[in-house]
Amino acid sequence: MTAIARDYMDGYLLFELTGHNSGDEELDMAVSDYMAAIIDSLTFTE
């Protein structure tokens, strides 16, 4: 289980992720990269 937090205004936005490795390292890395891209693409407007 992993928690990822991003600052948001006067608080934060928290993602709690429960991981499962498939045993295929190439596939696991691809999924991890997609999740990182989604979280990094978030933008906040005031």
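Student: Which element gives the most to the lining of the largest pocket?

Tutor: This is a predicted model: local features need pLDDT of at least 70, side-chain atom pairs count only at pLDDT 80 or more, and totals for chains, interfaces and linings use all residues. Residues are numbered from 1 along each chain as its sequence is written, and side-chain values use heavy atoms, without hydrogens and water. S1 and helix H1 (25–40) each supply at least two lining residues; helices (H or I, at least four residues) and strands (E, at least two) are DSSP runs numbered from the N terminus. With six residues, the element that gives the most is H1.

Student: How much space lies in the largest pocket?

Tutor: On a 1 Å grid over the protein atoms alone, a pocket is an open set of points where a 1.4 Å probe fits, with protein on both sides within 12 Å along at least five of seven lines; lining residues have an atom within 4 Å of a point. A volume is the space filled by probe spheres set on the points, which are joined across faces, edges and corners. For the largest pocket this comes to about 350 Å³.

Student: Which residues are the closest to its centre?

Tutor: The largest pocket is lined by 13 residues. The closest to the centre are Gly19, His20, Val31, Ser32 and Met35.

Student: Is methionine 9 buried or exposed?

Tutor: Methionine 9 is found in the loop between strand S1 (2–8) and strand S2 (11–17). Buried means under 20% relative accessible area, exposed over 50%, and partly exposed in between (1.4 Å probe, protein chains only). Because its relative accessible area is 52%, methionine 9 is exposed.
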